[in-house]
Amino acid sequence: MSEDLSAEHRDAARLAQKAGRALLDLRSDPGEVRDLGTAGDHMSHKLLVGELSRLYPDDDVRSEEGLEHVASDGRLWIIDPLDGTREFREIPRTDWAVHVALSVGGAPVVGAVALPALDMVLSTGEPPPLTRPTGERPRLVVSRSRPPEVAYEVAEVILGDAEIYVHAGGQYEWDSCAPAAVALACGLHASRLDGEPLRYGDPDAWLPDLVVCRPEYASAVLDVTALQRRPYW
């Protein structure tokens, strides 16, 4: 019998939203803060780690901000307290996010991506239903430059604004775990470029490539992307 993770789904969404609202408050009234991005990273990290430690004291946590207790065979929370620190500094930009995810046995099973400036939370607790295909050519989105784009472009696939997302430019586990968990919960395909399953909790947090697409396109997409995965990845 599979583990009941209903509390984890609910808490991931709630905590991502809570951290996002705290970041919006900081952004609207930074006071004497010298570096808004650094302050936001630290505040959100402290909030999320504190809440997860209280709610799930036996679980390990990996955070972009440096807290790493890795147990790939067990339960590992993977968080990005502020994905898009540079963008967060540049008011009124909206392309920043909060990621809260849980991997169990290496698999991304729980996830929430808060896009606070858009008042949106995508989560495995209430995954959006897949929209019908447009019947036209599949639309492809790729990250323009850096990992913070991942949340936005995966969201486009989840919400039906695109059919395929490919990232091969390098990223870490906290960049993709929550978006990948939500995509899988929606019924989308999510994997490495060569079709290998996404696995989290490796001692090295580097997980550089990602494909998210509608399942009917997976075979054709992987025929192409498998050629792009470099041997040392």
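Aspartate 11 is buried, at 9% relative accessibility. Here buried means under 20% relative accessible area, exposed means over 50%, and partly exposed lies in between (1.4 Å probe, protein chains only). The model is predicted, so local features need pLDDT of at least 70 and side-chain atom pairs count only at pLDDT 80 or more, while totals for chains, interfaces and linings use all residues. Residues are numbered from 1 along each chain as its sequence is written, and side-chain values use heavy atoms, with hydrogens and water left out.

Aspartate 11 forms a salt bridge with arginine 14. The closest N and O atoms of this pair are 3.5 Å apart. A salt bridge is a side-chain nitrogen of Lys or Arg within 4 Å of a carboxyl oxygen of Asp or Glu. Both residues lie in helix H1 (residues 6-28). They are three residues apart, about one turn of the helix. Helices (H or I, at least four residues) and strands (E, at least two) are DSSP runs, numbered from the N terminus. Arginine 14 is partly exposed, at 33% relative accessibility.

The structure holds 13 salt bridges in total. Arginine 86 pairs with glutamate 87, with 3.7 Å between the closest N and O atoms. Arginine 86 is partly exposed, with a relative accessible area of 41%. Glutamate 87 is buried, at 3% relative accessibility. Arginine 93 and aspartate 95 also meet in a salt bridge, at 2.6 Å from N to O. Arginine 93 is partly exposed at 30%, and aspartate 95 is buried at 14%. A network of salt bridges links Glu3, Glu8, Asp59 and Arg75.

Aromatic contacts were assigned from ring geometry. Rings of Phe, Tyr and Trp (its six-membered ring) pair if their centres lie within 6.5 Å; planes under 30 degrees apart count as stacked, over 60 as edge-to-face and the rest as tilted. The count by this rule is four aromatic pairs. In one of them, the rings of phenylalanine 88 and tryptophan 96 have centres 4.8 Å apart and planes at 80°, so the pair is edge-to-face. Both phenylalanine 88 and tryptophan 96 are buried.

Tyrosine 172 and tryptophan 206 are also edge-to-face, because their planes stand at 70°, with ring centres 4.9 Å apart. Tyrosine 172 lies in the loop between strand S7 (164-167) and helix H5 (173-185). Tryptophan 206 lies in the loop between strand S8 (189-191) and strand S9 (210-213), so the pair ties together parts that are 34 residues apart in sequence. Tyrosine 172 is partly exposed at 35% relative accessibility. Tryptophan 206 is partly exposed too, with a relative accessible area of 36%. Tyr172, Trp174 and Trp206 form one aromatic cluster.
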